[in-house]
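Let's walk through this structure together, one region at a time. Have the viewer open and follow along.

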Amino acid sequence: MHNDIIITSQSPWMALAIMIPLLAAVLSFIGGRRTGPLFTLAAMVGVLVSVSWIAVQVWTQGPQSEAVGGWAAPLGRELYADGLSVLMLLMTAIVGSFITGYALQYFAHCEKQASLTSLSQREPSEVSKEQAIKASLPHAVLSSEHPLVAVQDEKQHIEREGIQKNHKLVHHSQLFWPLWLLLWSGLNALFLSSDLFNLYLILTLIILAAVSLISLNGRAIALQASMRYLLVALFATSIYLLGLALLYGAVGTLDIKSLALELEANPTTLIAIVLIVIGLLIKTALFPFHFWLPATYAAASAPVSALLSALVLKGTFYILLRLGFEVFPIEWFPTFGQLLGLLGAIAIFWGSWQAWQQEHLNRLIAYSIIAQIGYLFLQFPLANDMIDAGSLMAWKGGILLALSHALAISAMFMASGNLLLRLGTDRLDHLRGLGQRYPITFLTLAIAGMSIIGLPPSGGFLGNWLLLNAAYESGQWWWAGIIVIGIFLAIAYIGKIFTPVFEPIAQSVVFEKTPVLLPLSMTWLPLLLAFIALVLGLVATSPLTLLEIGSPFTEI
Amino acid sequence: MTKVVFYSLVAVGLFTIGFYTLLVEAHLLRKIMALNIMFTSLFLLLIAIAARYPQAIDPLPHAFVLIGILIAVSATALALTLARRIYQETGQTDLSEKQETGIS
């Protein structure tokens, strides 16, 4: 299907994009407490340089491939980059850098708060504690008989436990860095890989990192959420592996480019492909496989939810794109496309309805993801002809939606995390009248919400516009109807966040005792990210041209 | 060929047993064991596929199985650690909803 000549690159930049974060992860894990942010920043620079290098290479020379360790495609594990993978890599690098910056401040802030609370707990008894220690040696017998001292001892014991717990929290936040680097390395590897078994390995790596990240804040609810996610994800990958085994038995290769040439439509390959697709759909959380998503994302800390929703979901979606448009035999594609589109349409309705019913901001955002995932799958039925201009338009529109969703949703989770840090709750009715108090945070939510709804000039608008045009071109008007209804539903649930914000402050609402001052960058970084999502619609020509490099539609 | 078909069927049977247990049992340890049974059945399937041509054994699935075992072991280790932590924090060995709402 690729008409472009694939250039075998001699420079190791693709391998570097994977190895730099992996190496930094190992080093920061060994290096211990304070080295995490340092290694992450170093790895960030390294990844940005190597990804831009790959982007320039693909932009000027066309699709590139790189044989790792000198082993070529059928036996070795080849890395491959075209316009789509470059765009995904850039998305990961940009969103990842913003989240890194945010997480630096976020965890520093949590740490400070934890030490402050433990100090304020300790302060009044600090003096008496020292006295007690001094007194305990000569007057040991006396002090144990003295009721007051005994009570204080007990109190100190409880406080010490509290301090230990805070220390534990601080220690856990240090583990964020190696895990995030591991995740980053996995994502880069995923977007550069062109072998299905390799992808299985990478998916599991991503799962293990993601599960540990979710459980990081140590709360019971987060532990349970991460356990549920682990079970579901392992189940999904084992179904995927079952499909791979059958596919390998039938075709004898798992390399995407070889499969595209050799895959024949017969019952065995049909079962194999269906299993693979189901495994990936569970991981992508398309309706009806979305059940694990809301609880998991609402329970994790803000930077983690931002990472998972923006990047990890897009990872499996990327594999589905590759399989759908490059591997599937052409005679199945219309049926598969319509089926995926139908599930997407149900996801839009169901996710929007559930989002509208939520009382908590984090859960509302989590359910909105389900609806947005539905949008991403509308391109499959719309691009089913593979030859006309409408198909290319639908494909581009769907990918553009994925990009702008990644930018907007991570901005939303970060802004919502800011509110949670300040208020201690994310109940929507507690946001009453806070618009004046936290203008930047609500501005972030509003701009990101614009992109999620699809208002011009956001990237979401352009993506929807391309999908609508494709629906018009291919004469499938019902998908256009679903897109438009989905936009109105999104206005409803995004609007629900802002209904209480501009109301006057109720008398009964009690603000936090000491106002939490967040560092400026924690409020500005999400705003900047949301702003990028907003202007993506204006500057989309270059990403859309980039997409055409090595796209399955270049034959037009 | 019959041998290959036999082992493949056994593998599919094991996979079904694992899947059923994963869905039905609430206890986390049993769920983890069920996942391990599913992984093992996949390894069996891959080994059977490796022998699909009687004249020569295909070595590539064997490599897949080795990597698969690696993944299964690390995933199981993480799952067991999490299960233990959940038991320490909440005192329960499953993921039931009623306790969960009380904690948050």
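Pro288(A) sits in the loop that links α10 (267-284) and α11 (293-299) of chain A; helices here are DSSP runs of H or I with at least four residues, strands are runs of E with at least two, and both are numbered from the N terminus. Before going further, please keep in mind that this is a predicted model, in which local features need pLDDT of at least 70, side-chain atom pairs count only at pLDDT 80 or more, and totals for chains, interfaces and linings use all residues. Residues are numbered from 1 along each chain as its sequence is written, while chains are lettered from A and ligands numbered from 1 in the order in which they are written.

Back to that loop. The peptide bond from Phe287(A) to Pro288(A) is cis, and its omega is near 0°. The loop between α10 and α11 of chain A also holds Ala285(A), a residue that is not a glycine and yet has a positive phi of about 65°. Most residues other than glycine have a negative phi, and most peptide bonds are trans. Is Ala285(A) buried or exposed? Ala285(A) is buried, with 26 other C-beta atoms within 10 Å. (Buried means 20 or more other C-beta atoms within 10 Å of the residue's own, exposed means 12 or fewer, and partly exposed is in between, with C-beta atoms placed from the backbone.) Another cis peptide bond runs from Pro456(A) to Pro457(A), with omega near 5°. Pro457(A) belongs to the loop between α17 (439-453) and α18 (459-473) of chain A.

Now step back to chain A as a whole. Its secondary structure comes to 21 helices and 3 strands. Of the 556 residues in chain A, 53% are buried. Among the contacts in chain A with a separation of 6 or more, 81% are between residues 24 or more positions apart; a contact means that two C-beta atoms, placed from the backbone, lie within 7 Å.

β1(A) and β2 (residues 64-67) of chain A run parallel and are joined by 2 bridges; Ile7(A) has Gln64(A) as its bridge partner in β2(A). β2(A) and β3(A), in turn, pair in the antiparallel sense over 4 bridges, and Ser65(A) has Tyr80(A) as its bridge partner in β3(A).

Next, a helix pair. Helix α12 (residues 302-327) and helix α16 (residues 389-423) of chain A pack at an angle of about 165°, with their axes 7 Å apart. Axes are lines fitted to C-alpha atoms, for helices over the stretch in contact, and angles run from 0 to 180 degrees between N-to-C directions. That angle makes α12(A) roughly antiparallel to α16(A); angles under 35 degrees count as roughly parallel, over 145 as roughly antiparallel, 65 to 115 as roughly perpendicular and the rest as oblique. The crossing of α12(A) and α16(A) is right-handed, a term used when the near helix is turned clockwise from the far one by less than a right angle, with anticlockwise giving left-handed. Residues making the contact include Phe317(A) and Phe325(A) of α12(A) and Trp395(A) and Phe413(A) of α16(A). By class, this contact has 13 nonpolar, 5 polar and 1 charged residues. Here Ala, Val, Leu, Ile, Met, Phe, Trp, Tyr, Cys and Pro count as nonpolar, Asp, Glu, Lys and Arg as charged, and the others, Gly among them, as polar.

The crossing of α1(B) and α2(B) is left-handed.

Finally, look where the chains meet. The contact takes 23 residues from chain A and 31 residues from chain B. On the side of chain A that touches chain B, α7 (196-214) and α8 (220-251) of chain A are the elements that give two or more residues, and α8(A) gives the most, with 17 residues.

Conventions:
Two strands pair if DSSP finds at least two bridges between them.
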